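Biologist: I am new to this structure and would like to go through the terms used for it. Please show it first.

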Amino acid sequence: MRIVITGAAGFIGSHLSDALLDRGHSVVGIDNLITGDVANIAHLAGRDFLFIKHNVTNYVIVDGPVDCVFHWASPASPIDYLEWPIPTLKVGALGTHNALGLAKAKGAKFVLASTSEVYGDPLEHPQTEGYWGNVNPVGPRGVYDEAKRFAEAITMAYHRYHRLDTKIVRIFNTYGPRMRINDGRAVPTFIAQALRNEDVTIFGSGSQTRSFCYISDLVEGILRLMDSDINDPVNIGNPHEMSIEEMATLIIGMTGSKSRIVFRDLPTDDPKVRKPDITRARTLLGWEPTVPLDKGLTSTIEYFRKKMHVPV
């Protein structure tokens, strides 16, 4: 197949490009590099990979046939979407519209990167795909939450009205190599701070929970969804739930750091719990995560050591 990936130079987009190329597909990667990094895709030179620098909130043109469009373009960290609130909304709305338009014009399948953030600060735990969420549309996080909720709505509208074969993957917290040092999310922030022997910063009490999925597990789930006949949203994430303080303590121990944990005020609307119900993925895709947390963190810490030039 010939596959287009928007946001291809990002953390997940670049790993998705790897996996699709390894399957023998041709990949066209599109990214405006606001949060993406060409270093994430530099190793793809010489493979069947074409990179186009472009902002998909503007009309998207790709010459030749296209069999599938993965819409992955968007800031995805609270630091990013608070710095880029309007581009975040635009890529969720206009960008999704343009990516769907490309899929429609080419008669291609469409796969949307949605997020557990559509559930907001959830009142249901764990979160099933049938839960409609608890989102503050006018809060600072609303620019990301509502952008993704709109993206899901327009994707389903194209499926129902234009009969487009669409998929929606609701991605829960994911970690692994190629995350940015200054990403702002828990795992990369804790690792970077620990490797520098700086204070490890936790926002809130640290009792809030997350469920962390390693990147290779996530990508496998996404590819199984692409190959399926499922059009309803599917949670892809690791249901192993742990507190933020537990994660910080684990990373300090694994890095051999002298860091200590410090606490700061919890940001507005920060979710208190987050855990996917993956019954749908298990039942319909035969998927569940297999990479243990210690193994995933070991490879992620090794990547950060090299990136930050920190000796072992």
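This is a predicted model: local features need pLDDT of at least 70, side-chain atom pairs count only at pLDDT 80 or more; totals for chains, interfaces and linings use all residues.

Biologist: What makes the protein chain as compact as a globular protein of its length?

Modeller: The chain has 9 helices and 13 strands; these are DSSP runs numbered from the N terminus, with helices (H or I) of at least four residues and strands (E) of at least two. Its radius of gyration is 19 Å, close to the 20 Å that the globule rule gives for 312 residues, so the chain is as compact as a globular protein of that length. The radius is taken over C-alpha atoms, and the rule is 2.2 Å times the number of residues to the power 0.38. Along the principal axes, the C-alpha atoms fill a box of roughly 55 × 45 × 40 Å.

Biologist: Why is Leu223 called buried?

Modeller: Buried means under 20% relative accessible area, exposed means over 50%, and partly exposed lies in between (1.4 Å probe, protein chains only). Leu223 has a relative accessible area of 3%, so Leu223 is buried. Of the 312 residues of the protein chain, 56% count as buried. Leu223 is in helix α6 and touches Leu16, Ala19, Leu20 and Arg23, leaving aside residues up to four places away in sequence. A contact means heavy atoms within 4.5 Å.

Biologist: How is the packing of α1 and α6 described?

Modeller: Two packed helices are described by the angle between their axes and the distance between the axes. Helix α1 (residues 11-22) and helix α6 (residues 215-227) pack at about 65 degrees, with axes 10 Å apart. The axes are lines fitted to C-alpha atoms, for helices over the stretch in contact, and angles run from 0 to 180 degrees between N-to-C directions.

Biologist: Which kinds of residue make up the contact of α1 with α6?

Modeller: They divide into 11 nonpolar, 1 polar and no charged. Ala, Val, Leu, Ile, Met, Phe, Trp, Tyr, Cys and Pro count as nonpolar, Asp, Glu, Lys and Arg as charged, and the others, Gly among them, as polar. The residues include Phe11 and His15 in α1, and Ile215 and Met226 in α6.

Biologist: Why does Leu33 count as partly exposed?

Modeller: Leu33 has 25% relative accessibility, so Leu33 counts as partly exposed. Leu33 is in the loop between β2 (26-31) and β3 (49-53), and its phi is near 65 degrees, a positive value in a residue other than glycine.

Definitions and conventions
Residues are numbered from 1 along each chain as its sequence is written. Side-chain values use heavy atoms; hydrogens and water are left out.
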